[in-house]
Amino acid sequence: MKYIYVLILSFCGVTVFGQSSFQKTDNTPIDTRNVVPTTIVASIAYQGYEEDQAYFGEGEYELFVDQIDGVLDKPIIILDGFDPGDTRTIDGIYNTLNFDGQNLGDILRSEGFDVVVLNAPQYMTDGNPIDGGSDYIQRNAMVLIELIDFLNAEKVGDEELVVFGPSMGGLISQYALSYMEANNMTHETRLFISFDAPHKGANIPISMQYLINYLAETLADETAQAIIEGVFNSPAAKEMLVDHIQAHLLDDSVEQDPTKLLPEGAPNFRDAFQEELDLLGFPELVRNVAMINGSGQGTTTGLPDMQIVDTTIEVAAGITTDINLRFTPLASATNTVTDIETFLVGVPVSQYTTIAESFDVTDGVDSAPGGTSSFSDALGGDGNTNPIIVTFIEAIEQDEFSFIPTISSLAIENENDWFAIPDIGGIHNSPFVNTFIAQTNESHVQTTIENVEFALDEIRQTSLSINDTSIIERYKLVKNPVNKDIQISLNSSFEYPKVQVIGYNATGQKVLETTYTHPNSQITIHQNLAAGVYFLNIIDASGSSQLKLLVN
């Protein structure tokens with residue numbers, strides 16, 4: 001029987017959800033330079049949810065100075081994303097900026113900007129091995145803080161930084177900048193660009209998680225176990241995945257807990273991290289913008305309950321395995337997402353089945369609008385010559401799945417439907433003051449002519465029209481959290497003929513509405529709201545802006 005599982009694992013195990021499943025990697029050297037990246041160690045230690053002590057994070061960075069004067073005076077930090085095993089080099093991170101035969105980093109350097117690439121390597125700290133590319137997001141944020149402080153001390157002139165955070169790098173950036181503001185640390189950063197980052201969570205189809213875990217645990221193969229521990233069960237994955245296999249299994253078993261059918265994150269990780277991130281919020285002294293790969297038009301990635309693959313693989317003479325994987329189902333429905341059955345000369349010898357259920361407010365996330373990944377890329381795609389893997393890839397009916405849902409990459413508040421068309425300026429508002437949203441779903445962190453132009457406009461500050469600037473700076477909360485009165489300061493540089501303030505609670509219910517004519521330097525709203533999170537939509541002649549507040 002073990003022989004059967006060895007053969008099955010040969011086509012489903014080792015390469016599944018390696019780095020290629022999240023973003024394609026090109027480690028081609030950028031040029032002929034011979035540079036060793038510089039190590040940087042955080043000054044602030046972080047203790048993870050399941051750690052018994054705090055550890056200082058480490059990173060490595062490389063400076064690619066501009067091609068105008070070669071002086072470090074306009075730094076732009078480019079972060080790495082989720083990268084277990086540190087498979088993506090500094091060159092690989094730089095090459096993620098490639099598009100249409102060009103490179104965003106090269107363009108920026110030709111215009112006088114300095115590109116600083118920050119990688120999260122594998123390292124030892126206080127005798128503890130850490131895989132930086134899949135480590136706690138918070139500890140990586142402390143490394144970014146260290147780099148920000150270093151660059152601000154070393155740069156020539158007073159140009160403020162730009163932070164470009166693709167994928168998990170967007171979460172690291174958000175956490176670091178907000179942490180610095182919350183702790184009165186100066187970051188001297190003017191712009192944060194979030195690139196298809198999972199601000200509200202990421203997704204890997206639970207059907208595939210069940211498949212890999214079943215094969216690994218049944219066989220107890222070291223390589224397969226390394227995938228489970230190094231990828232699925234890494235701190236970063238458990239912090240980001242909205243549905244994680246650890247939440248669904250019976251204790252000390254590969255079998256599914258029949259009471260755990262609904263999507264659920266990793267215990268003690270997912271909810272704790274999201275609450276911590278939401279409490280920090282987004283930095284207030286930075287222009288926050290986002291470019292995302294998910295569709296803003298509600299275009300789905302396949303359909304709920306869609307068949308991913310239904311095939312029979314002949315793994316040896318007389319030995320066949322039927323594999324049926326499906327997307328999670330429609331709202332309120334259940335379905336069989338994983339069904340694996342092995343036959344010996346036509347006689348069934350083993351079967352493994354798991355069931356998924358969707359919440360009543362949304363269809364299953366696998367098919368939601370979003371930046372996509374694909375099963376075939378995870379298995380090596382066209383470059384794989386293993387005949388069993390090739391046969392499996394050829395049988396895939398639905399290759400792409402929603403990896404970073406649109407609602408997540410836009411950090412939409414109070415929206416529980418993964419399929420909703422984003423309402424950026426409404427009650428389900430986004431913290432970003434400017435966005436580039438794809439029309440159709442694209443590969444996760446895919447750079448295109450259109451989204452690169454958006455990034456360049458933001459970095460060059462050409463997108464900041466007078467109206468844009470006024471909307472960003474016209475209103476600011478005097479105190480947050482709020483105890484008694486809501487006090488909103490007004491910018492003396494602008495006129496305010498008429499201002500309408502509409503308040504909503506966390507469920508989207510309108511709780512206040514008031515209008516002011518020619519207010520002076522401050523608007524004061526007397527309130528008796530219950531404790532909780534609220535959103536203010538402020539409308540004037542220049543447009544609308546949103547503020548988020550916490551009532552104690």
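The side chains of Arg-190 and Glu-159 meet in a salt bridge, with 3.6 Å from N to O. This pair links distant parts of the chain: Arg-190 belongs to strand E10 (residues 189–195), while Glu-159 sits in the loop between helix H4 (137–154) and strand E9 (161–166), 31 residues apart. A salt bridge here is a side-chain nitrogen of Lys or Arg within 4 Å of a carboxyl oxygen of Asp or Glu. Helices (H or I, at least four residues) and strands (E, at least two) are DSSP runs, numbered from the N terminus. The model is predicted, and local features need pLDDT of at least 70, side-chain atom pairs count only at pLDDT 80 or more, and totals for chains, interfaces and linings use all residues. Residues are numbered from 1 along each chain as its sequence is written, and side-chain values use heavy atoms, with hydrogens and water left out.

The two partners of this pair fall into separate accessibility classes. Arg-190 is buried, with a relative accessible area of 14%, and Glu-159 counts as partly exposed at 25%. The class limits are as follows: buried means under 20% relative accessible area, exposed over 50%, and partly exposed in between, with a 1.4 Å probe and protein chains only.

Side chains of opposite charge can pair when their charged atoms come close. By the salt-bridge rule, the count comes to 14. One of them joins Lys-238 and Glu-50, at 3.9 Å from N to O. Lys-238 lies in helix H8 (residues 235–240) and Glu-50 in the loop between strand E1 (38–46) and strand E2 (55–64), so the pair ties together parts that are 188 residues apart in sequence. Lys-238 counts as buried at 6% relative accessibility, whereas Glu-50 counts as exposed at 53%.

Another salt bridge is formed by Arg-460 with Glu-453, whose closest N and O atoms are 3.8 Å apart. Arg-460 is partly exposed, with a relative accessible area of 31%, and Glu-453 counts as partly exposed at 37%. Elsewhere, Glu-51, Asp-135 and Arg-139 are linked in a network of salt bridges.

The next element is a sheet. Four strands form an open sheet in the order E12-E13-E14-E15, and the pairing is antiparallel. Strand E12 (307–316) and strand E15 (347–357) stand at the edges, each with a single partner strand, so one side of each is left without a neighbour in the sheet. Neighbouring strands of this sheet are turned by 10° against each other on average, direction ignored. For this angle, axes are lines fitted to C-alpha atoms, for helices over the stretch in contact, and angles run from 0 to 180 degrees between N-to-C directions.

Strands count as paired if DSSP finds at least two bridges between them. E12 and strand E13 (residues 319–326) pair in the antiparallel sense over eight bridges. Within this pairing, Thr-312 has Asp-322 in E13 as its bridge partner.

Together with Leu-344, Val-345 and Val-349, Val-347 makes a nonpolar surface patch of about 330 Å². Patches are made of residues with over 30% relative accessible area and no salt bridge; like charges are joined within 9 Å, and nonpolar side chains (Val, Leu, Ile, Met, Phe, Trp, Tyr) within 5 Å. The areas come from the Shrake-Rupley method with a 1.4 Å probe; for residues, only the protein chains shown count as cover. Val-347 itself is partly exposed, with a relative accessible area of 47%.

Strand E11 (residues 287–295) contains Asn-288, which counts as buried at 5% relative accessibility. The side chain of Asn-288 reaches the backbone oxygen of Pro-283 at 2.9 Å. A polar contact is a pair of N or O atoms within 3.5 Å; within protein, one must be able to donate a hydrogen and the other to accept it, and residues adjacent in sequence count only if both atoms are side-chain atoms.

Some backbone features remain. Most residues other than glycine have a negative phi, and most peptide bonds are trans. Asp-305, in the loop between E11 and E12, has a positive phi of about 65° although it is not a glycine. Asp-305 counts as partly exposed at 28% relative accessibility. Ala-411 also is not a glycine and has a positive phi, of about 55°. Ala-411 lies in the loop between helix H12 (406–409) and strand E18 (434–438), and is buried, with a relative accessible area of 2%. The peptide bond from Asn-480 to Pro-481 is cis, with omega near 15°. Pro-481 is placed in the loop between strand E19 (475–477) and strand E20 (485–490).
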